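Here are some notes to go with the structure. Have it open while you read, and check each point by eye.

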Amino acid sequence: MADENENQTQTPAAEAVAAPEGERRGRGGRGRGRDNRGGNRDGRGRRDDRRGNRDEDQGEELIEKLVHINRVSKTVKGGKRFGFAALVVVGDGKGRVGFGHGKAREVPEAISKATASAKKAMVRIPLREGRTLHHDGAGHFGAGRVYVRSAPQGTGIIAGGPMRAVFESLGVADVVTKSVGTNNPYNMIRATFAALGEQTSPKSVAQRRGKKIADLLQRRGDVSERAATAEAEAVAE
């Protein structure tokens with residue numbers, strides 16, 4: 001009888017021990033599933049982190065210049081309804097610049113729209129020594145005509161109004177410009193971008209013609225062979 005009682009008492013205990021182990025195994029299996037899913041979540045989190053890092057890497061300090069704000073009004077029943085149009089120039093100060101135009105009922109909203117449009121329309125302009133243009137140029141849009149000329153170091157930005165905003169955002173330190181025909185800021189900006197769009201660097205011309213950069217620089221006549229070679233090495237870098 002004692003043996004039977006012992007067997008009876010041991011059997012429930014064994015079952016009680018076996019059950020938690022089974023449950024633990026089950027929980028462990030489910031836990032592993034959760035870990036896998038958690039791993040996926042962690043993976044998604046890592047992808048989000050990578051995406052955030054990429055945005056931080058691409059993020060750069062931009063120079064924003066408000067060129068012009070135009071206010072218009074519409075007479076309606078009960079009074080006048082005002083609207084605003086903003087013209088903004090955006091650049092990184094390292095050879096990239098763009099302009100945008102935005103309209104809204106409020107000035108801040110119009111500026112934000114114009115800034116977003118300018119960021120999307122940024123273009124890269126080759127610069128000589130990172131401070132001036134490679135060569136002279138001219139641009140035309142509507143009634144506006146602009147002329148741009150490269151300048152020696154220390155000249156500064158000889159430009160007025162909208163054109164100055166473009167060159168300051170672009171990162172040009174020495175340039176001489178002239179605008180004739182109109183003082184409309186929209187036409188002046190577009191004519192300036194037309195002139196900048198014709199700028200080419202010795203490196204691109206050499207690649208297109210299959211020549212060496214030093215040969216092109218030496219043929220300009222304003223530098224010696226040694227100076228042309230040194231400048232060509234700097235441009236190639």
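1. Let's start with helix H3. Seven of its nine residues are buried, so H3 is mostly covered. The buried ones are Pro162, Met163, Ala165, Val166, Phe167, Ser169 and Leu170. Buried here means under 20% relative accessible area, exposed means over 50%, and partly exposed is in between (1.4 Å probe, protein chains only). Helices are DSSP runs of H or I with at least four residues, strands are runs of E with at least two, and both are numbered from the N terminus.

2. Before going on, a word on where this comes from. This is a predicted model, where local features need pLDDT of at least 70, side-chain atom pairs count only at pLDDT 80 or more, and totals for chains, interfaces and linings use all residues. Residues are numbered from 1 along each chain as its sequence is written, and side-chain values use heavy atoms, with hydrogens and water left out.

3. Which residues of H4 does H3 meet? Pro162, Met163, Val166, Phe167 and Leu170 on the H3 side meet Pro185, Met188, Ile189, Thr192, Phe193 and Leu196 on the H4 side (contact means heavy atoms within 4.5 Å). Sorted by class, this contact has ten nonpolar residues, one polar and no charged ones. Ala, Val, Leu, Ile, Met, Phe, Trp, Tyr, Cys and Pro count as nonpolar, Asp, Glu, Lys and Arg as charged, and the others, Gly among them, as polar.

4. Now the geometry. The axes of H3 (residues 162-170) and H4 (residues 185-196) come within 9 Å and cross at roughly 45°. The two helices are therefore oblique to each other (under 35 degrees is roughly parallel, over 145 roughly antiparallel, 65 to 115 roughly perpendicular, and the rest oblique).

5. The structure holds one aromatic pair: Phe99 and Phe193, tilted, at 5.0 Å centre to centre with 50° between the planes. Phe99 lies in strand S3 (residues 96-104) and Phe193 in helix H4, so the pair ties together parts that are 94 residues apart in sequence. Rings of Phe, Tyr and Trp (its six-membered ring) pair if their centres lie within 6.5 Å; planes under 30 degrees apart are stacked, over 60 edge-to-face, and the rest tilted. Phe193 is buried, at 15% relative accessible area, while Phe99 counts as partly exposed at 22%.

6. Last, two backbone spots. Gly171, which follows H3, has a positive phi near 100°. Glu129 has a positive phi of about 60° although it is not a glycine. Glu129 is found in the loop between strand S4 (123-124) and strand S5 (137-141), and at 56% relative accessibility it counts as exposed.

How values were computed. Axes are lines fitted to C-alpha atoms, for helices over the stretch in contact, and angles run from 0 to 180 degrees between N-to-C directions.
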